[in-house]
Amino acid sequence: MKLELTNEQYKQLMELVWCGNYVFDAVRQMREEDNDAYNEVESIVFKNGLALEEDCAVFDEDYEGYLPTEEYANDKGLKEMIADFEDMSFWELLAYRLAQRDVEKKVKGMSNEIAYNAISERIDEYSDEFFENDLKNVYVKGMNALKGDLKGIRSMIAGDLPTGDNDDY
């Protein structure tokens, strides 16, 4: 198969491949599945992309292929775009699931159209609440508030957690 793209279109393809493989790789790692086929496609796309963007990829001997550089993803704002997408998805999914839970209790025996409209209205209510208050008003029933300070808690990565007024956290 032959694919004809302008240089600008190929650069856009590289961005799409990076974002897509970032998502696929994260999900497949969580599921403990192999992502080699997608990694191979990404390697081919970025190897060919070197002619357009010199610093977009490097050959990795252990990987036996081309990997996009951190600088490439940072310069293009791709990680920021993924973070924005994850944030947006979190709020939309939270509003949807809460609305669905609320409406399921009330719509037994009603038409699908009524249920759909009720869920849509409830999503809007939750979305407005989250936009105005973030998670400030969200609580889990039966879960006690965090008590005391965090001085006794340790992180496996960073050692002691910083506590106090002068911390950067």
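## Salt bridges

A salt bridge is a side-chain nitrogen of Lys or Arg within 4 Å of a carboxyl oxygen of Asp or Glu. In this predicted model, Lys 79 and Glu 70 form such a bridge, their closest N and O atoms being 2.2 Å apart. Lys 79 is partly exposed, with a relative accessible area of 31%, and Glu 70 is also partly exposed, at 48% relative accessibility.

A search of the whole structure gives six salt bridges. One of them joins the side chains of Arg 28 and Glu 33, at 3.3 Å from N to O. Glu 33 counts as partly exposed, its relative accessibility being 37%.

Arg 122 meets Asp 102 in a salt bridge between their side chains, with an N to O distance of 2.8 Å. Arg 122 belongs to helix α5 (residues 112–133) and Asp 102 to helix α4 (residues 78–104), so the pair ties together parts that are 20 residues apart in sequence.

Asp 102 is buried, because its relative accessibility of 14% falls under the 20% limit. Arg 122, with a relative accessible area of 31%, is partly exposed. Through salt bridges that share partners, Arg 101, Asp 102, Arg 122 and Glu 125 are joined into one network.

## Nonpolar surface patch

Tyr 22, Val 23, Phe 24 and Tyr 38 make a nonpolar surface patch of about 350 Å². Helix α1 (residues 7–30) gives the most to this patch, with three residues.

Tyr 22 is found in helix α1. At 37% relative accessibility, Tyr 22 is partly exposed; that value passes the patch criterion of over 30% relative accessible area.

How values were computed. Residues numbered from 1 in each chain as written. Predicted model: local features only at pLDDT ≥ 70, side-chain atom pairs only at ≥ 80, totals over all residues. Heavy atoms only, no water. Patch = residues over 30% accessible without salt bridge, like charges linked within 9 Å, V, L, I, M, F, W, Y side chains within 5 Å. Areas by Shrake-Rupley, 256 points an atom, 1.4 Å probe, with all protein chains shown as cover. Helix = DSSP H or I, 4+ residues; strand = E, 2+ residues; numbered from the N terminus. Buried < 20%, exposed > 50% of the residue type's maximum accessible area, 1.4 Å probe, protein only.
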